[in-house]
Amino acid sequence: SKIHDDPDDIEDQALLLAEQARDAKSVESKTDILQRAVDALMSLQPATLPSESDEMSTEEREMRRRSARARINIWGSLIKVAMDAKQISMVHRLAKNVVDTVGWDLIKDKDIILLQADVNLLDGLASFDILRSRGEPVIPPNEINTQVTISAGSTEELQNNTIAAFVRAMHLGASVGEDWVVMNAAANVWNNYLDAFTAHRYA
């Protein structure tokens, strides 16, 4: 169809690029195609959920919800491809586009909440890998800030996010009754900090 040959719609174009990046053979090709998809989505206004105070009809609210769902699913696809390509800095940088949207319905939007949990898990792993690639020891912080912050990439922010992302995933999984998400996140925390626990190293 025409949209697959020369997609005019930016979201469709970004989704098509995500599929192409997934199928690309080399890391360089994956990264280049992913960045084109990111640039396409970044050119759009954020697709956000309406707040309770927004005055709009039920139909308008549903359209906004569907739009936000579509956008967050595309971001999730890009992040998963980036993780497969070991583009850990990109994973960390893009995660906020999925994890910082709140207000989803626990029943109608359970799949989106689980996507947010999954992206938090990937973000926690990416933060850990970034610190290790810099030669930084991964040490549990004294206090954990679970609020989503700007992905600045500083050592302090990454140290916090290495555990905060998993805590956020636990809360999300528990909110929809999926205990396996909680256990998966807890296992990642244990694995990430095992060396520090063994050496009795704390912040």
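Which residues does Thr-162 touch, not counting residues up to four places away in sequence? The model here is a predicted one, with local features needing pLDDT of at least 70 and side-chain atom pairs counting only at pLDDT 80 or more, while totals for chains, interfaces and linings use all residues. Numbering runs from 1 along each chain as its sequence is written, and side-chain values use heavy atoms, leaving out hydrogens and water.

Back to Thr-162: the residues touched are Gly-124, Ser-127, Phe-128, Leu-131, Val-138, Asn-192 and Tyr-193, where contact means heavy atoms within 4.5 Å. Thr-162 sits in helix 8 (residues 155–175); helices here are DSSP runs of H or I, at least four residues, numbered from the N terminus. With 0% relative accessibility, Thr-162 counts as buried (under 20% relative accessible area, 1.4 Å probe, protein chains only). A polar atom of its side chain lies 2.7 Å from the backbone oxygen of Leu-158.

Over to the helix pair. Helix 2 (residues 10–23) and helix 3 (residues 27–42) pack at about 165°, axes 8 Å apart, with axes fitted to C-alpha atoms over the stretch in contact and angles running from 0 to 180 degrees between N-to-C directions. That makes helix 2 roughly antiparallel to helix 3 (over 145 degrees). Among the residues making the contact are Leu-17 of helix 2 and Leu-34 of helix 3.

Then there's Lys-86, in the loop between helix 4 (58–84) and helix 5 (88–94). Lys-86 is exposed, at 68% relative accessible area (the cut-off is over 50%). Its phi is near 60°, a positive value in a non-glycine residue. Most residues other than glycine have a negative phi.

Notes:
Helices (H or I, at least four residues) and strands (E, at least two) are DSSP runs, numbered from the N terminus. Angles under 35 degrees count as roughly parallel, over 145 as roughly antiparallel, 65 to 115 as roughly perpendicular and the rest as oblique. A polar contact is a pair of N or O atoms within 3.5 Å; within protein, one must be able to donate a hydrogen and the other to accept it, and residues adjacent in sequence count only if both atoms are side-chain atoms.
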